Amino acid sequence: MRWLVVVHRILSRRLLVHAPLVLAMLAAVAWASPVLADTSEPVQKSTTAADAAPAAEPPSAAMARRIDELLAQGQAAAGVTPAPLADDAEFLRRASLDLTGVVPRASEVREFLADEDPAKRQALIDRLLASSSHPTHMATTWRNRILPTGADPSRAREAAALQKWLRTRFARNLRYDNLVGSLLLTNGGDELGPALYYQSHDVAPEKVAASAAELFLGVKLQCAQCHDHPFADWSQREFWGLAAFFARTKSPGNTPGMMQASYKLVDVDRGDVTLPESEEVVPPKYPRGDELAADDSASRRSQLVLWLTSRDNRYFSRAAVNWAWGHLFGEGLVETLDELDDSAEMTTNEQILDELADHFVASKFDLQQLWRTLANTRAYQLSSRFDGEKPPAPALFAVMLPKPLTPEQLYDSFMRLAPPTEAPYGWNGAAANNMAAMLDEDPNRVEFVRRMRPPPGEPTEYRAGTLQALMLMNGQTTARVTAPQESRLLGAIDAPFLSDAERVDALFLATLSRLPSPEERTLFAEAIAEGSTPAERRQALSDSFWALLNSTEFAFNH
Amino acid sequence: MLNPLWHFDRREMFRHLGMGLMGSTCASWLPALADQVASDPRRKRHCILLWMSGGPTQTDTFDMKPGHNNGGEFKEIATRAPGLRFSEHLPKLAEHGERIAVIRSLTTKEGDHERGTHLVRTGQPPMGAVAYPSIACSLAKELGATAESALPNYVSVAPTQQISPAAFGPGFLGASYSPALVGGAGAAPGVLPGVVTPKYAALKLDDLELPAGVGEAQAMRRMKLWNAMERRFLDDHSAASFNAHNALYRKAADMMRPEVRAAFDLSQEEDAVREKYGPGMFGQGCLLARRLVERGVPFVEVSLGAGLGWDTHADNFNLVKKLSEELDAGWGTLMTELSERGLLDDTTIVWMGEFGRTPVINSMGGRDHFPNAWSCVLAGGGIKGGQAYGRTSDDGMKVEEKPVAIGDVLATLCEALGVPPDTENMAMGERPIKIAEGTPIAELLA
């Protein structure tokens, strides 16, 4: 019997630890939802004959073409000519930063530039997705995405555990629906990490609901908390109906400030939400759907998750692909799904969203395939340079939007070029984060990120202040990377058999992931040649390195 | 002495940039000299926060209980303001009684250092989903919004942030509203023989100086190469964000100019002046605060009580006597000098810690955490001085008149600075958050 196998699998994986939830699972299986039945299964490689045939095109390629076709229609309608393709170096740097969070090594740039395979960009995308930095970068991205900005630094321990938890799942390419399901259904305790999502939202039904609606439904419901949504028909009642699903999830016996090694979440059988400033209890109701049928055999949140992650929930899949699109392109296909109206005529971008969401569902929520699809579009490979005075409207995706490197991308890219780190280097004004060190996180990285973290906002905006610039110009991270005597890179390129021009090439490849123009090569070679003693030459190399690391070009993924 | 880097850089700028893409940024960048900064007419409201880490005792400073068992050893003295009395260890401040208002009826609910610090500095209890900014960051953002200056909007001297890092930071406002941290080594008496002990605490702003081992000639070469790279890149790439990055670096480079760095150089002050402020981090920090206010910096914070210095669970009276002397020298001199320069009317000074201390003296001669009924002080610009607001009982154990919540104090401070307390910032999810939730106390406002 299939359901027995499923139950056995669930129990043996200890995903769910108490009876009501297991009952919910049984109920789920009974009406044949595939979502939780497959819980914790990574996406399987398809083994059908068609896919095995060498000539067969992966499904991502057809979808990528379809996206470009739709974008081209929109651009033509707007009378816009798209930018030319980015050159190989630009594309390598972009894809490396977006998919693995770090600039490519100089050797990778050389190899990629020398590679004559016409399909080398596709091959690169596959390589990056298979690399170990891909799940790490995804985990970092998600951790920042699901926790409130500036989350309490005293929870560094839990944040590191969450990072680990996420990374494991991205490394297995866990189905997206299962990933979201297991995050929302966590019971904490021995499963360190995911409970921080609830913890950092105070296990407050309205806070968790507002966050989950935005992350997993693509709908900004915060406004509807206090009043009806100002410009879409999301009512206040709808918001609280969603919040009601989280009203019976509690954290027993956790007092603030204590060591929360085993932060637990349990589902209890009482707890309700009421409309603000009223006594009226709002029953759980699926957003734009039915009220939850009276049934106490399953926890409310497990029933929400069944609905949420269902393949028929258009909001769920659309929100996922819109987020992934924004991750690569700097801006989502649509700003929010708040106003999406399936009965009205769709815009080009809505149509792409729709078809991409279908594709994602058909792939069984395969995130890797989604990245592959998006990165293989022509749109993703366009240059960020355009002809003319004014850039085309961003929503046309006719030119690549530059994104400032995130603090993590910046630090990790610096560290590619740095000598091995030892101890935390004693930040002025703040104790080094020793907690981070105990958790295999580089304490210098934690502190660097803390000092560089921009306010929430558009990923294409640059929002640092002078203190951040001073830190990059004069601070310890840069000083260590560029120190003439310590730098591995400078040591390597100071070898006597290299010409100054070759040294400049090496510096450019390592930092900007491209070769210098002839003028740049001359300018930097002259600067290096100014040194008359070996020490002075090393110094000049260090200064060249500094100038490249602090350049606007380095600071952006463009 | 002028730094050759900046001479060079400016010539370089003229030569290379001309009227190109950078023309406008350049124009606003070049003339920003320190003297002009100082006279910028738009930037004239300042706030100095004197943060008393550890929780200062009200009973031995500004709400004395002479004649009661809880009163302790210290005597009360009169101030310039009739009826307003301070501890005998605050004689300089007493001279400024008419500019000082004591709130004696502050009552809060957090008696733990971490939680109390968060509550008092942000106006909100910790552990919420919203990362609230410290009031200092919010005020610096508002007061600095109209100023084009090379100096930072918020400078903080030697804060003990570890106790509650979030309470010292910009929260959802983002790292660009963080304080510029001035760290440094205190004047340590009686160190190893043969080691020259500095006479005064040495203060240094993070990352303002060139890194160790990098000389001026090198810095010059760095900027030359950097400028060339920037010019080439911005010539054929255009995006608002690229220009923002470039402009920010120019502003940062501006801060490194010698005349700007000079603001932080206390050796330019006469010995007699440095002496008056007191040799420690707090005294020298107060002197720095005066120099920064003179140059238009809107928000300066100076901490007293490295670590949790005011946490006097034992030996309260010896410790508080020393702390009071340091406090009186630094703050008292600051009041005098700001007043002499006509700056006190534009500068509001706040004195507070995370909570007060028990009026009852414990068996170790100490006082313990006490959030029920405690004091904080407002002085200077916008404040109606010479008064004590609210009243505690004779034993100091409870508020008897006009209880004040922390939000009211923060809102009053905002009003005194001309910043509407209901000014809103957007937290994540486009949620508007007021910078202070409370009611300004009209009787305290000038």
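Colleague: How many helices and strands does the secondary structure of chain B come to?

Modeller: Chain B has 13 helices and 17 strands. Keep in mind that this is a predicted model.

Colleague: What percentage of the residues of chain B count as buried?

Modeller: The figure is 56%, out of 446 residues.

Colleague: And what share of the contacts in chain B with a separation of 6 or more comes from residues 24 or more positions apart?

Modeller: Those pairs make up 74% of such contacts.

Colleague: Now the interface. How many residues of chain A are in contact with chain B?

Modeller: On chain A, 64 residues are in contact with 58 residues of chain B.

Colleague: Which elements of chain A give two or more residues to that side?

Modeller: They are helix 13 (205-216), helix 22 (443-452), helix 23 (466-474), helix 27 (518-529), helix 28 (534-549) and helix 29 (552-555) of chain A.

Colleague: Which one gives the largest share?

Modeller: Helix 23 of chain A, with eight residues.

Colleague: What is that side like by class?

Modeller: The side of chain A that touches chain B has 30 nonpolar, 21 polar and 13 charged residues.

Colleague: Switching topic. Where is Arg169(A) found?

Modeller: Arg169(A) sits in helix 10 of chain A, residues 156-171.

Colleague: Why does Arg169(A) count as buried?

Modeller: Because Arg169(A) has 24 C-beta neighbours inside 10 Å, and the cut-off for buried is 20 or more.

Colleague: Which residues does Arg169(A) touch, not counting those up to four places away in sequence?

Modeller: Leu174(A) and Leu179(A).

Colleague: How far apart are Arg169(A) and Ala78(A)?

Modeller: Arg169(A) and Ala78(A) are 41 Å apart in space, C-alpha to C-alpha, and 91 residues apart in sequence.

Methods. Residues numbered from 1 in each chain as written. Chains lettered and ligands numbered in written order. Predicted model: local features only at pLDDT ≥ 70, side-chain atom pairs only at ≥ 80, totals over all residues. Contact = placed C-beta atoms within 7 Å. Helix = DSSP H or I, 4+ residues; strand = E, 2+ residues; numbered from the N terminus. Nonpolar A, V, L, I, M, F, W, Y, C, P; charged D, E, K, R; others polar. Buried ≥ 20, exposed ≤ 12 C-beta atoms within 10 Å, placed from the backbone.
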